[in-house]
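Dear colleague,

I am passing on the structure that we spoke about, together with some notes on what came out of it. Please look it over alongside the text below.

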Amino acid sequence: MPGHKGKIAGTSYDITEISGADSLFDACGIIDESENNLSKLYNTLFSLYSTEGSTLSIKTMLALVYKYAKNNGKKPLILAERNVHSSFLYGVGLLDIQVEWIEDERQNLFSSNLTAKTVEEKLKSMQEKPTALYLTSPDYLGNILPIKEIVSVCKKHNVLLVVDNAHGAYFNFLKENIHPINLGADMCADSAHKTLPTLTGGGYLHLNKRFDYFSKSDVKRIMKTFASTSPSYLILSSLDSTNKYLFKEKNAFIQCEEKVEKLKQFCLNLGFDLVGEEKLKITLDCKSFGYFGTDIASLLEKQNIVVEYFDKDYVILMFSPLNTDSDFDKIKCVFKGIERKKEIKKADLIFSIPQRKMSIKDALFSNEERVEVEKANGKIISSISVSCPPAIPLIFSGEVVDENTIKILQYYGIKDCQVVKE
């Protein structure tokens, strides 16, 4: 294997675990050496490769939380916000981990206004302390949580902090290092391919030096339970090449940060409202400029500018050091040609926590049927209906659809959903 024998274009380095190539989940040669180089870059206890993106890393982190709880005689319980990636839902469903949600004042599907004070109040109010707090930072719009302050609260209450940092792998290389591991998070997942020069599917799992409960071999064994036995060596090679790039081109991210900051100021001067603090992401609040996000995305696409994500409210652009000066100039030129119109009123959406009738696991593996959203009132969600991007569930397995949820599902273009069959 593989059957192409390296004779199809671009496949000469697509190999398997042949002699000298090492084995990802039993690494003792060049893959182990490469992962050690990654660990030096991020200053971790150890850092591991994923060829299945942050999805694999997230499920592994959840399994580590599960094992940590069991080993310490605790019931696995995770405290989390609801703007999680769908891989979190599947992970807790497979592991049958109980989740308690933090309810904050969300204005949309993606964002979070969580503070250390809110975390402190929530933890104090819980009769049973969670094993871990699970956060998504940055969120999909580019909002960044106060990780350092939240770390202090978690330490005080002896709760692990686990972070989905999928969009922030580059945080380690900015003017100010705001990577969650550097700020004290115990575990962290990065999608290298989202913001670094890595092939799609390349990701990282980081463990903080202060969280030395698990050995590298322990984590590899757990990671293996969720992973393909045929990891892509093309992606592994790409991850290794990214190490070389990061050691040599650390300033490239600082330079890109400066370019994006100038473009943000340009957008503000035109009259756009921006969302989020992420340094290499621009999130346009399009309604404030008189357009739906779908309209702006369409205008940009006609100029061969393909955005990361758009919906009725927002358009998201993601940049990297591989974007050229001409890319930035083109965006300025196109934006300058968009006529500002009367502001569009924002939708009146309420993001509340629906009633739960079943565990996530039981709902995920129940008999199900597909129904139109408008006919789903009172029914229990089985599997989730959400596209990627953004892959953020609007309602979670085991929760009951209500009229408010139907309104939100329809707003985001969801026409039908999977429910538990009665």
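**Notes on the model**

At 55% relative accessibility, Asn158 counts as exposed, where exposed means over 50% relative accessible area, buried under 20% and partly exposed in between, with a 1.4 Å probe and protein chains only. This is a predicted model, in which local features need pLDDT of at least 70 and side-chain atom pairs count only at pLDDT 80 or more, while totals for chains, interfaces and linings use all residues. Residues are numbered from 1 along each chain as its sequence is written, and side-chain values use heavy atoms, with hydrogens and water left out.

Asn158 lies in the loop between helix 5 and strand 5 (160–164), and its phi is near 55°, a positive value in a residue other than glycine. Asp96, which is not a glycine either, has a positive phi of about 55° and sits in the loop between helix 3 (86–95) and strand 3; because its relative accessibility is 43%, Asp96 counts as partly exposed.

Two cis peptide bonds may also interest you. One joins Met1 and Pro2, with omega about -5°, and Pro2 belongs to the segment before helix 1 (30–42). Another runs from Ser137 to Pro138, with omega near 5°, and Pro138 is placed in the loop between strand 4 and helix 5.

As for the chain overall, the protein has 13 helices and 13 strands, taken as DSSP runs numbered from the N terminus (H or I of at least four residues for helices, E of at least two for strands). Buried residues account for 55% of the 422 residues. Among contacts (heavy atoms within 4.5 Å) between residues at least 6 apart in sequence, 71% join residues at least 24 apart.

Helix 4 (residues 116–125) has a buried set made up of Ala116, Val119, Glu120, Lys122 and Leu123. These residues lie on the same side of helix 4, because they cover an arc of only 165° around the axis, the arc being that of the directions from the helix axis to the C-beta atoms. Their cover includes strand 2 (77–80), strand 3 (98–101), strand 4 (132–136) and helix 5 (147–156), whereas the face of helix 4 turned away from the buried side carries the exposed residues Lys117, Lys124 and Ser125.

With kind regards
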